[in-house]
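Some terms in a structure report rest on cut-offs. The turns below set values against them.

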Amino acid sequence: MRYWLFKSEPSTWGWQDQVAKGGAGEEWDGVRNYQARNFMREMKVGDRGFFYHSQKEKSVVGIVEVIAEAHQDSTTDDERWQCVDIKAIAPVPKPVSLAMIKDDPRLAEMALVKSSRLSVQPVTEEEWRIVTELGGV
């Protein structure tokens with residue numbers, strides 16, 4: 001299993017929207033960055049991810065699971081753009097803010113710290129363990 005981070009603006013698609021989709025989940029559509037798309041192409045069913053609210057909150061607020069591997073993004077006919085489907089697994093009891101992540105020296109190399117604009121990014125197993133610990137998971 002691999003780990004990822006999915007970043008979303010809560011005013012557009014928030015954690016509660018993801019939860020409301022239940023077991024059917026939802027496409028992680030609309031990504032128009034080649035590096036983020038390539039990360040989604042690497043994902044396998046069962047991989048886990050952090051659901052991250054960007055904008056004002058800037059926090060990891062939930063845990064999701066990949067339920068469908070990369071396929072055509074339904075929001076475009078352009079074959080270059082693909083996405084995965086994810087479903088909500090559990091909220092993070094204590095949201096983990098970007099400030100908390102930046103303040104923890106063990107997370108200094110995390111993609112969220114180094115490439116904060118990327119909407120889909122990998123998370124190492126060690127980073128996953130530390131962030132879930134910080135979040136009380």
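Q: What makes a set of grid points a pocket, and which residues line the largest one?
A: A pocket is an open set of points on a 1 Å grid over the protein atoms alone, with protein on both sides within 12 Å along at least five of seven lines; lining residues have an atom within 4 Å of a point. By that rule the largest pocket has 17 lining residues, and K7, S8, E9, W28 and S119 lie nearest its centre. Strand 1 (3-8) and strand 2 (26-27) each give two or more residues to this lining. This is a predicted model: local features need pLDDT of at least 70, side-chain atom pairs count only at pLDDT 80 or more, and totals for chains, interfaces and linings use all residues. Residues are numbered from 1 along each chain as its sequence is written, and side-chain values use heavy atoms, with hydrogens and water left out.

Q: Why is the pair R2 and E42 called a salt bridge?
A: A salt bridge needs a side-chain nitrogen of Lys or Arg within 4 Å of a carboxyl oxygen of Asp or Glu. R2 and E42 meet at 2.9 Å, N to O, so the pair qualifies. R2 sits in the segment before strand 1 and E42 in helix 2, 40 residues apart.

Q: Why is R2 called partly exposed?
A: Buried means under 20% relative accessible area, exposed over 50%, and partly exposed in between (1.4 Å probe, protein chains only). R2 has 39%, so R2 falls in between. E42, at 35%, is also partly exposed.

Q: What makes E133 and R106 a salt bridge?
A: Their closest N and O atoms are 3.9 Å apart, so the pair meets the cut-off. E133 lies in helix 5 and R106 in the loop between helix 3 (98-103) and helix 4 (111-114), so the pair ties together parts 27 residues apart in sequence. Both are partly exposed: E133 at 44%, R106 at 42%.

Q: How do you know that R129 and E126 form a salt bridge, and where do they lie?
A: The closest N and O atoms are 2.6 Å apart. Both residues lie in helix 5, three residues apart, about one turn of the helix. D104, R106, E126, R129 and E133 are linked in a network of salt bridges.

Definitions and conventions. On a 1 Å grid over the protein atoms alone, a cavity is a set of points where a 1.4 Å probe fits but cannot get out, and a pocket is an open set with protein on both sides within 12 Å along at least five of seven lines; lining residues have an atom within 4 Å of a point. Helices (H or I, at least four residues) and strands (E, at least two) are DSSP runs, numbered from the N terminus.
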